[in-house]
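Good morning, and thank you for coming. Please look at the sequence and the structure before we go through them together.

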Amino acid sequence: MNAIAEPYNFAYLDEQTKRMIRRALLKAVAIPGYQVPFGGREMPLPYGWGTGGMQLTAAILGRDDVLKVIDQGADDTTNAVSIRRFFSRTAGVRTTVDTTEATVIQTRHRIPEKALNNDQIMVFQVPIPEPLRFIEPSETETKTMHALNDYGVMHVKLYEDIARYGHIATAYAYPVLVAGRYVMDPSPIPKFDNPKLNRSAALMLFGAGREKRLYAIPPYTDVASLDFEDHPFEVQKWEHSCAICGSTESFLDEIITDDKGSRQFVCSDTDYCAQRVAQAEVTQ
Amino acid sequence: MYVAVKGGETAIENAHRLLDQKRRGATDVPPLSLAQIAQQMPLAVARVMSEGSLYDRELAALAIKQSAGDLLEAIFLLRAYRTTLSRYCVSRPLHTTSMQVERRISATYKDLPGGQLLGPTFDYTHRLLDFTLQAEGEPSPASQQGDVRQAQAAVDERAATQQPALPDALHPDADAQADTAAGETGQGFPRVLGLLAQEGLMREETDSAQPVPDITREPLDFPSNRMQRLQALARGDEGFLLALGYSTQRGYGRNHPFAGEIRIGFTEVWLEPEELDFAVPAGDIEITECEMVNQFVGSKDQPAQFTRGYGLAFGYNERKVMGMALVDRALRAAEYDEEITSPAQQEEFVLMHCDNVEAAGFVSHLKLPHYVDFQAELELIRKMRKRDAQAGSDQEQRQETEAGQVPPQKEKRA
Amino acid sequence: MTAPVLVPAFADPVLNAQMSFRAALKAMSEPGLIARADYAEALDMMHPATFALALTLFDDDTQIWLSPALDTPMVRANLAFHCACPVTDEPQQADLAIMTAAEVDYLEQFRRGTDRDPELSCTVIVQLDSLEGGRPVALNGPGIESERAVTLPLCERFWSARDRLNDFPRGLDFFMTSQRQLMALPRSTVASVL
């Protein structure tokens, strides 16, 4: 465990802010999928760069936690490195790249390929928490829609997609229905990851720092991606497998390898990929 | 075989080293001191304190130095520091009427008690680059020491004869005396809008006696109240408010503004801690205040009265408070049954986008990797194009078949 | 008259508050699960788990209501000292409330939130002699893998009151505390008395 280098409170936030967030989290968990307003603070990273996720992580993190931070599925992307270092300095907690070792995983835009267990908490960074925002810009209006359980505008939008494109034209931040009541934005994870939300063993927490909303999905909760009977929800598929580990099951990143546009595909989840390679080496 | 890209941590460390170099510039040039910034860039310091929402000149100077002159970055630094400070007291409302006035003007009257005190202002300078400043010598003859002292003496003399005596701080009736001083309109620099109110021509603002919310602790909700709006505007981006204010002047929610009063100077901050029965002064701060006189309202039953917009900022910060006052009034459209037709009048639009720390953060976040979502979009667009191309060629085949020019073939599956 | 005795709070305020919160979060996200909350000692009539929850969640932003069974000068003095939380006499003003199992009649006075702002409801801490030994009740809903049976020593009147007051998303959220243990019952849980 690293020594805490700076004269800040454990995990940076003061206790009053932590209490405020903790109370909001308890309400969020009691009302799955509902966006609870919270008094979000300025953090040392800019709004839009994960302050919501960080405030939630700071509020829940303890001395004995093991923290993993990923961005686009990778531990080594610059912002994931930056956030991991932040908590290493301000909380002195052990950090890891190994999904199975982590007790708290803060993520931007992906859910790990490896299924999570009941002792793990996922914290999602959310840019725009309101699933209806791009259909209806006014917060006053969308609050009313959620209150009345009136998601007509969303169904119309999805139907219009089908009319225009032949299918639903949303590839990420694909809206879901939580516990049969609230329509929720799962953060900009690719729709490929949506099924992982359904009845997960882990607790899922979502933090939007700039918009000052947080929400939650308890473990073992029904989460259904919105669709129509004649246009059921589908996940992405690739014709390729991972150029490093050979997986045909994971979400793949496209890498351009020369200026003629040659391309390769590799696992977005770098830990999953590395573990597969390690395992293959062991069995050889 | 493809090998995954690594090295994010090292890249960041190197980036920080390069930034240190960029910030320092040529090392044969003397480094800036915080005192130089605080003393010689007071208007930059004022902006950073206002939008950073923290009155501390030295910290603002530090933030400006650390951010290499990027004022929005400096504002962000101050806000992030503010987050860590504990809150132990709320001051009493500032009595700007008893301000030690450095500058005070009104566009609504030619002359008035206290007079038009220009103070140090850019207003009547000719915008000609002063190359004597470039030579790093003393400024041009117009502002030689002797003249400055004469001008200041004239200001001081006038101020001394007209300022009310400030109450003795430790006297138990300090409160009452402060209130009385504020209520007096006959001496010093009486409030212009107070003079109009004396005639019954100005809508009075009444204290709602509601607890003052703190938008940094409880997020804004809509519809908002004026207390929340003023807080958001005080912290809001000067450029954004300037543009919105400008838009009202050009007809996007016109409200006929006159600059009733602008005053700049030092005002005392009074605290009333729980342990004491009386208020004590904590020190004084330089602030800029603007009250606009706006479109009058009234009806057959209610006599017509002018309305107002209000702006307040830390330090010497005139453009900001003027923009703020224009937008404050525009956002009161609903209160005065005015039709809401323009952006400056729409509270959600204004209040959700006026914070430049939020705006800069979200705009700049587009620099973060988005390749997973982009990959999802690529997959979708390729699928759609493939399907449309397929449908297109199926269509062609069907047409050719119908025309009898090509023997019938098995239909390809889309 | 002697002044009320001040008891020590958390030995490590930062660490113990976090650990107590994790227990509360686990409990609320998995209704019916019993979690340990033993980082505080008893405070007068308040069990250690009850006091731990208070130290974790109460502060000058929360209005607290104490039921007659728990409203003693010693409790008030310690809450004022350790939490600085305002204590209200009106149950409908409470953000958090503490009561015992017998005081079921107060439930209908607590705020249950609105459809627009359901989070504005009261969180009710019910202190019990034990978390087991009562009539079995089956719990279903978010946080429960299949079904979970609990045997909280709560009368039928409690369950019917809760059922009556629950109208998702409006409703009360409960913590059940006893000695050094706690359990939670969010409004999302469907309870059927077996």
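Over which residues of chain B does pLDDT stay under 50? pLDDT is the predictor's confidence in each residue, from 0 to 100. In chain B, the value remains under 50 over residues 157-187. The model has 34 contacts beyond four places in sequence for these residues, where two residues are in contact if their C-beta atoms, placed from the backbone, lie within 7 Å. Where pLDDT is low, the predicted coordinates should not be read in detail. For chain B, the mean pLDDT is 85, and 84% of the residues reach 70 or more.

I should state the conventions. This is a predicted model, in which local features need pLDDT of at least 70 and side-chain atom pairs count only at pLDDT 80 or more, while totals for chains, interfaces and linings use all residues. Residues are numbered from 1 along each chain as its sequence is written, and chains are lettered from A and ligands numbered from 1 in the order in which they are written.

Let us turn to chain A. Chain A holds seven helices and twelve strands; helices (H or I, at least four residues) and strands (E, at least two) are DSSP runs, numbered from the N terminus. Chain A is as compact as a globular protein of 284 residues, because its radius of gyration of 19 Å is close to the 19 Å given by the globule rule. That radius is taken over C-alpha atoms, and the rule is 2.2 Å times the number of residues to the power 0.38. Of the 284 residues of chain A, 55% are buried. A residue is buried if 20 or more other C-beta atoms lie within 10 Å of its own, exposed if 12 or fewer, and partly exposed in between, with C-beta atoms placed from the backbone.

How do the chains meet? Of the two pairs of chains in contact, A and B share the most contacts. Chains B and C do not touch, and their nearest C-alpha atoms are 10 Å apart.

Finally, some backbone details. Most residues other than glycine have a negative phi, and most peptide bonds are trans. B:His256, however, has a positive phi of about 50°; with 14 C-beta neighbours inside 10 Å, B:His256 counts as partly exposed. In chain C, the phi of C:Ala84 is near 55°, and C:Ala84 counts as exposed, with 12 such neighbours. A cis peptide bond joins B:Phe222 and B:Pro223, and another cis bond runs from C:Phe168 to C:Pro169.
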